[in-house]
Amino acid sequence: MKPLFSIMSSLLVFSSPLLAGSENIDFEQITLLLPTPNEVRLASGAPGPDYWQQEANYQIKVELDETESRIRGSETVEYINHSPHTLHYLWVQLDQNALAQDSKRQRSTQARNLAPSDGKPAEVEYDDFRSLVYNQEFAGGYELRAVTDPEGNPLKYTVVNTNMRIDLESPLRPGESFSFRVAWAFNIQDESLSFRHGRRKLKSDEYVYHIAQWYPRMCAYYDQEGWQVKPYIGQGEFALEFGSFAVEITVPEDYVVAATGELANAEEVLSSTMRNRLERARSSDRVVEVVTSKEAEKKLEKKTPGKKTWIFKADQVRDFAFAASRAYIWDAMGVEIEGKTVMAMSVYPEESVPLWKRFSTESVAQTLRVYSENVYPYPYPVAWSAWGAEGGMEYPMISFQTSRDIDEKETYPADHRGYVIGVIIHEVGHNWFPMIINNDERQWMWLDEGLNSYMDYRAGNLMDPVLQESNLKGDRRVIDTMAKSDDPIIMVAADNQTNRKFQSYGKPALGLHILRESILGHDLFDFAFKEYARRWAFKRPTLADLFRTMEDASGVDLDWFWRGWFYGNDHVDMAIELVTLYRLDDANPKTSKALDKAEEEAIPDSPYERFLQEVGTRADKHKHLQDWYYSFDPYEATDKEIEEYDEKFEKLEDWQKEVLEFSELAYVVSVKNVGGMPMPLVLDIEFDDGKGRRLDVPVEIWRYGDTVVKIPFLSDKEVVRITLDKDNAFADSDLDNNVFPPEIEEGRFKLKPKEKQPNPMRKALFPDADQENGENGN
């Protein structure tokens, strides 16, 4: 194959971009964007010797009233002040108040788009409009029945939207604790107002309950924020303290309850058959049914009167949630995690059996294995997947999921399958982010959603080939969104994000994937990522702790990446603008002039020049016009030129003479940063002998702020093609400009018949004619 680059005769000169005097903020350190390190949070990203965090312990009694669809509860809260500060009041979260008619969430929710389009009324889905109506009618919010000290004496408190301030009669000093009691009730909303919890009606007219954000719980108080009292208005999730829970849940007699923690009174609430099945499941590598489909069906045919109280206990958790229904089928299997058995379990109704029976608990087990190996060993005894009203939500040891309605008994659509497996892995994965590594979700949603999305991609890809394809399509959507001029940045508080799936899930996850696969490599990334988890397990990290730990543990400066990917909205689009081939001109007139002649002859003659050559000139026919210049050849070396060169050559030092003998070809590849986000450059070079070579250019080549960088390399072979990012490793939005010489773009088109014009007259006068002819009535 002939080389595709023209020969350019020139002395090869390399210059330093320092001469340009340009400044580049892309490679400035992000120190000024982060809080100043101290002895609480070190510059390395680790907790310091003065690190502290608060503790909240709960004893709760709650009853689920299915007749009134209502929760009634009471709790005793022990709050321990581990901070070095004296507190004069406490803040408690009242998340159910977000559903009250006068809540800030309710009053700041905008109307859906009901405006006509193209002169036609807007089309709104039934579910969406039902939610709009139900939201206006539902009587939500807490009914606070008592706020007292443990002896029953009333405490002074003030409710501020979704928070409650309890004023202390005497200051709570460092190392001291304060206990108080709260009694409350609230109405459980239907799935049409699913707000991370609620109830869902089944085809049997029975209900499944997801109960969360259900008890008054302590606001977080920490060094970077003080009291986190941003109101709960929906998108920003939770900031909570670790502690212990002892929870008594009273439900109808025949209910099954799945919850945070270990069941403490199994002998009282489970039959001997159920307990034996659970024990068998502990050592089984296949799912074992604890409550079978037939047993659940019998309970629906005839309800058992009475009530039953399930008691759960949990330590070192930040929250508590539960799911309950008499329609639940229950299955389980044991998963070995570092020498101990964790029970992976699922509860779901009959109508979800085709998917959930096959995939739910297996997905839980897959998550436990992959995350324990790659993040932090799972520390809890159980992990639940509970079907119900909420499409996807996470709590310690239990996650809420659902599946779209499936009419068939044994079959299901492919997208339902991917949805169920993917969502279960994602929600169970939240046991690590933020349930163990306890970031402030109310402020930075991406710090748990993004890290968890990165990990759930890995776990899902290792479980199922269908999920691999889905995740790759998700990455492409992120790249396409980044390429838009108005794509939002990641570093926006949770409640203010305009595209949370992109800002908190997709883009952070893709960024971490690129760090592992293409920038740091597996070994450096995995070590640093696990070090972040180890340092901050059961503590509250901030984004600065993540950024600093990843650099500290990997030994690589990543400030350029954090700045561009998280704080900016530039995208990745590198383009090969030009490839130039240079040959060394040794200035020897014998060879140099021959090269000059070859370059001149390589330029094709114009039609006019060819005409002149054909007709000739007057001097060609009359010798008296042919002087010295007529026969002079500018490309032939004269004796004088050869003599002068030889004299200069003899004066050169030996090493200079060796340099002049250099015969390799010098190439310069000009790469333009079209998108603005700097990235390393990987160039794959194909030579005319069929062999190849790869150039790995570090990201620091962009450090001077150039829009175009020039990459040199030498070769004794001629190049036929150069491809940038051949492995599609850096989220480049336009791969077509990554090849030089450019390739012809290919595409496809399809044919279709001409559309018939609507004929309402025919449809009205001859309604049966179209059916007889098999037409559509247009």
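Arg-72 is partly exposed, with 24% relative accessible area (buried is under 20%, exposed over 50%, and partly exposed in between, with a 1.4 Å probe and protein chains only). The model is predicted, so local features need pLDDT of at least 70 and side-chain atom pairs pLDDT 80 or more, whereas totals for chains, interfaces and linings use all residues. Residues are numbered from 1 along each chain as its sequence is written, and side-chain values use heavy atoms, with hydrogens and water left out.

Arg-72 forms a salt bridge with Asp-65 at 2.9 Å, N to O (a side-chain nitrogen of Lys or Arg within 4 Å of a carboxyl oxygen of Asp or Glu). Asp-65 is buried, at 14% relative accessibility. A salt bridge also joins Arg-72 to Glu-68, with the closest N and O atoms 2.9 Å apart; Glu-68 is partly exposed at 47%.

The structure holds 38 salt bridges. One of them pairs Asp-545 with Arg-41, at 2.6 Å between the closest N and O atoms. Asp-545 belongs to helix α12 (residues 543-554) and Arg-41 to the loop between β1 (7-9) and β2 (55-65), so the pair ties together parts 504 residues apart in sequence (helices, H or I of at least four residues, and strands, E of at least two, are DSSP runs numbered from the N terminus). Both Asp-545 and Arg-41 are buried. A network of salt bridges links Glu-66, Glu-206, Asp-254, Lys-303 and Arg-326.
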